[in-house]
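Colleague: Could you walk me through how to read a few features of a model like this one? I would like the general idea each time, and then the case at hand.

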Amino acid sequence: MVMTMARVHIPAETDLLCEGCGYVLVGLPIESNCPECGKAIRESAGDDGRHLTAWETRGTRGLLSTTARVLLSPAEFYRSLLTRGDDVAGRRFARLHWVLASVLFALLAFLHADWYFSTILGQAHISPGWVLLFAWGIYASIYGTTELASRLTAWEAGYRGLRIPRPVALRALHFHAAQYLPVAVVTLLTVAGYQWGLSERWFRPETSATTYLYFLCAEVILAAGYLFNAYWIGMRNIMYANR
């Protein structure tokens with residue numbers, strides 16, 4: 001028996017989708033409700049609550065408030081994010097946070113590598129110049145991961161019949177850049193705190209090194225889960241956006 005798969009239909013950019021369930025509302029009166037979930041159609045059109053971020057309307061004065069909203073209330077932030085249009089400011093927001101996160105990650109990578117070479121291997125301390133090299137490498141990795149994630153998101157959405165064009169996914173990921181900050185800060189505090197404890201003789205290298213490394217491994221796993229969860233919150237709240 002020959003089986004064929006039905007062609008997946010992706011709603012057009014001009015189609016009005018219900019923000020609650022994704023039902024195509026084309027042809028229905030604006031004052032009525034979605035026949036699928038009952039949400040008022042007006043709440044998916046002009047009264048959808050989506051707008052530019054404080055960063056985009058107030059510049060640097062809105063940087064902290066936008067970052068705080070992304071970190072503290074991501075679902076509300078992405079539910080109110082205007083997903084279509086020019087994303088020049090969004091790219092600047094991302095680059096700023098990528099640079100800051102890359103510097104923090106580079107510092108912790110340098111501290112950890114210097115500890116490993118000098119304490120564990122008994123070799124000379126590494127040059128502080130490695131911080132710059134680490135920072136460039138980490139920035140390139142974050143940038144490449146973001147580009148790849150936007151392409152994979154658009155591809156999977158299309159495969160499932162969802163309307164998340166790559167520019168829309170990329171705009172959401174640009175603001176997701178703020179999520180790297182808490183990961184970098186927590187990990188840096190762990191690495192620097194451990195080495196400070198060694199200098200204060202609170203820990204002994206021969207008995208604490210394994211515990212320290214296991215702790216770092218656990219943080220890597222938790223960080224990956226945190227970043228993916230933040231990504232999913234963003235995509236889930238822009239999935240049926242119309243503008």
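Colleague: Let me start with I142: is I142 buried or exposed?

Modeller: I142 has a relative accessible area of 6%, so I142 is buried. Bear in mind that this is a predicted model. I142 sits in helix α5, and, leaving out residues up to four places away in sequence, I142 touches W98, S102 and Y180.

Colleague: Which residues of α7 are buried?

Modeller: The general idea comes first: an α-helix has 3.6 residues a turn, so residues three or four places apart point the same way. In α7 the buried set includes Y180, V183, A184, T187, L188, V191, Y194, Q195 and L198. The buried residues of α7 pack against α2, α4, α5, α6 and α8.

Colleague: And how does the span of α7 compare with what one expects at 1.5 Å a residue?

Modeller: The 20 residues of α7, 180-199, should span 28 Å, and the end C-alpha atoms are 29 Å apart, which agrees. After α7 comes R201, in the loop between α7 and α8. R201 has a positive phi of about 65° although R201 is not a glycine. With a relative accessible area of 75%, R201 is exposed.

Colleague: Now polar side chains. What does the side chain of H97 make a polar contact with?

Modeller: For a polar side chain, I check burial and then look for a partner. H97, in helix α4, is buried, with a relative accessible area of 4%. The side chain of H97 makes a polar contact with the side chain of T67 at 3.0 Å. Apart from neighbours within four places in sequence, H97 is also in contact with L63, A177, A178 and L181.

Colleague: Where is R84, and what does the side chain of R84 reach?

Modeller: R84 is in the loop between α3 and α4. At 19% relative accessibility R84 counts as buried, because the cut-off is under 20%. The side chain of R84 makes a polar contact with the side chain of E13 at 2.8 Å, and the R84 side chain reaches the backbone oxygen of A241 at 3.2 Å. E13, R84 and R163 are also linked in a network of salt bridges.

Colleague: How many salt bridges are there?

Modeller: A salt bridge here needs a side-chain nitrogen of Lys or Arg within 4 Å of a carboxyl oxygen of Asp or Glu, and the count comes to 12. One of them joins R243 and D48, with the closest N and O atoms 2.9 Å apart. This pair links distant parts of the chain, 195 residues apart: R243 is in the segment after α8, and D48 is in the segment before α1. R243 counts as partly exposed at 33%, whereas D48 is buried at 4%.

Colleague: What does the salt bridge of E147 and R166 tie together?

Modeller: The closest N and O atoms of E147 and R166 are 2.4 Å apart. E147 lies in helix α5 and R166 in helix α6, so the pair ties together parts that are 19 residues apart in sequence.

Terms used
Residues numbered from 1 in each chain as written. Predicted model: local features only at pLDDT ≥ 70, side-chain atom pairs only at ≥ 80, totals over all residues. Heavy atoms only, no water. Helix = DSSP H or I, 4+ residues; strand = E, 2+ residues; numbered from the N terminus. Expected span 1.5 Å × (residues − 1). Buried < 20%, exposed > 50% of the residue type's maximum accessible area, 1.4 Å probe, protein only. Contact = heavy atoms within 4.5 Å. Polar contact = N/O pair within 3.5 Å; in protein donor to acceptor, adjacent residues only side chain to side chain.
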